[in-house]
Amino acid sequence: MSTTARTAEAKPSGSFKLTPEIGALVALIAIALVLALLSRYFFTLSNFTNLLKQVAIVGIAGVGVTMVIISGGIDLSIGTGISLIAVLVAGFMQFNGMHPAVAVTLVLLIGCAMGLLNGSMVTFFRIPPIIATLSTLMAFKGAALVYTNGYTIPLIQKFMFLGRGQLGALPVSTLILAAVYIIGWIVLRFTMLGRIAYGLGGNEEAVHLSGISVRKYRLILYTISGFCAGL
């Protein structure tokens with residue numbers, strides 16, 4: 001009997017295996033316990049509400065970027081894309097007198113266009129994703145600076161409800177984040193787009209040989225990432 005076979009027989013079938021996911025969860029619990037020991041305010045409702053508000057923006061953007069990463073790409077421009085969207089939506093309402101619903105719809109479309117730009121650079125011009133999105137990172141940052149001329153733009157109170165308001169005990173931004181998470185999970189788990197995203201990340205050539213348009217679905221995934229930045 002070979003050494004490999006003897007090792008396989010000796011290893012219990014139900015043995016515990018530390019996966020990266022379990023390791024990350026253990027680390028998170030350890031950090032939470034340390035913070036709870038350092039401050040008696042850590043395990044309080046107000047602190048958790050504040051944390052939920054702070055992670056909402058990153059979490060929503062992370063759903064779109066996750067789809068891109070699963071497909072074997074990367075989107076470095078997401079952060080500055082969010083900053084550009086933020087000043088645009090504020091400017092549309094303050095300077096142009098747009099209704100919040102109109103301003104939101106417009107910047108969501110602009111977010112999609114930003115993602116489409118990234119996807120076009122990667123698919124049509126064959127620029128490596130890290131280079132393409134690094135260049136748009138700088139471009140979006142510069143555009144935000146030019147648009148504001150370095151000054152802040154105040155938001156109207158009614159619009160700020162989306163980021164700072166609460167429905168019951170939960171922040172509105174957290175409810176939006178939860179909805180985006182559920183939709184993202186459904187897309188990746190149960191739709192053809194999700195299966196193709198995993199396929200592109202695993203073996204792009206096999207996806208191409210299956211008769212699936214690699215360009216089309218890369219464009220869709222980058223557009224989704226841009227939409228999440230807009231959201």
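This briefing covers selected helices, helix packing, cysteines and loop residues of one structure.

The structure is a predicted model, in which local features need pLDDT of at least 70, side-chain atom pairs count only at pLDDT 80 or more, and totals for chains, interfaces and linings use all residues. Residues are numbered from 1 along each chain as its sequence is written, and side-chain values use heavy atoms, with hydrogens and water left out. Twelve of the 17 residues of helix H4 are buried, and twelve of the 17 residues of H11 are buried as well. A search of the whole structure finds zero disulfides.

**Terms**

- Helices are DSSP runs (H or I, at least four residues), numbered from the N terminus.
- A residue is buried under 20% relative accessible area, exposed over 50%, and partly exposed in between, using a 1.4 Å probe and protein chains only.
- Contact means heavy atoms within 4.5 Å.

**Helix H4**

- Helix H4 covers residues 78–94. At 1.5 Å a residue, its 17 residues should span 24 Å, and its end C-alpha atoms are 24 Å apart, which agrees. The expected span is 1.5 Å times one less than the number of residues.
- Because twelve of its 17 residues are buried, H4 is largely enclosed by the rest of the structure.
- The buried residues of H4 are Ile78, Thr80, Gly81, Leu84, Ile85, Val87, Leu88, Val89, Ala90, Gly91, Phe92 and Met93.
- These residues pack against helices H3 (45–70), H5 (100–123), H6 (129–148), H7 (157–164) and H11 (214–230).

**Helix H11**

- The 17 residues of H11 should span 24 Å at 1.5 Å a residue, in agreement with end C-alpha atoms that are 24 Å apart.
- H11 is mostly covered. Its buried residues are Val214, Tyr217, Arg218, Leu219, Leu221, Tyr222, Thr223, Ser225, Gly226, Cys228, Ala229 and Gly230.
- The cover over these residues includes H3, H4, H5, H6, helix H9 (192–202) and helix H10 (204–209).

- Two packed helices are described by the angle between their axes and the distance between the axes. Axes are lines fitted to C-alpha atoms, for helices over the stretch in contact, and angles run from 0 to 180 degrees between N-to-C directions.
- The axes of H4 and H5 cross at roughly 150 degrees and come within 9 Å. The two helices are therefore roughly antiparallel, a term for angles over 145 degrees.
- H4 contributes Gly81, Leu84, Ile85, Leu88, Val89, Phe92 and Met93 to this contact, and H5 contributes Pro100, Ala103, Val104, Leu106, Val107, Ile110, Gly111 and Met114.
- H5 and H11 pack with their axes 7 Å apart, at an angle of about 145 degrees.
- On the H5 side, the contact with H11 is made by Val107, Leu108, Gly111, Cys112, Gly115, Leu116, Asn118, Gly119, Ser120, Val122 and Thr123. On the H11 side, Arg215, Arg218, Leu219, Tyr222, Thr223, Gly226, Phe227 and Gly230 take part.

**Cysteines**

- A disulfide is a pair of cysteine sulfur atoms within 2.5 Å, and the search of the whole structure finds zero of them.
- Cys112 is in no disulfide, and the nearest cysteine sulfur, that of Cys228, is 9.0 Å away.
- Seen from Cys228, the closest cysteine sulfur is in Cys112, and the 9.0 Å between them is too far for a bond.
- Cys228 has 7% relative accessibility and so counts as buried.

**Phe48 in H3**

- Phe48 is found in helix H3 and is partly exposed, with a relative accessible area of 34%.
- Not counting residues up to four places away in sequence, Phe48 touches Phe42 and Phe43.
- Phe48 and Leu170 are 122 residues apart in sequence, and their C-alpha atoms are 9.8 Å apart in space.

**Loop residues**

- Ser77 lies in the loop between H3 and H4 and is buried, with a relative accessible area of 3%.
- Ser77 touches Asn118, Thr133, Thr136, Leu137 and Phe140, not counting residues up to four places away in sequence.
- Arg126 lies in the loop between H5 and H6 and is exposed, with a relative accessible area of 60%. Its phi is near 55 degrees, a positive value in a residue other than glycine.
- Asn149, in the loop between H6 and H7, is exposed at a relative accessible area of 58%. Phi of Asn149 is near 60 degrees, a positive value in a residue other than glycine.

How values were computed
Parallel < 35°, antiparallel > 145°, perpendicular 65-115°, else oblique.
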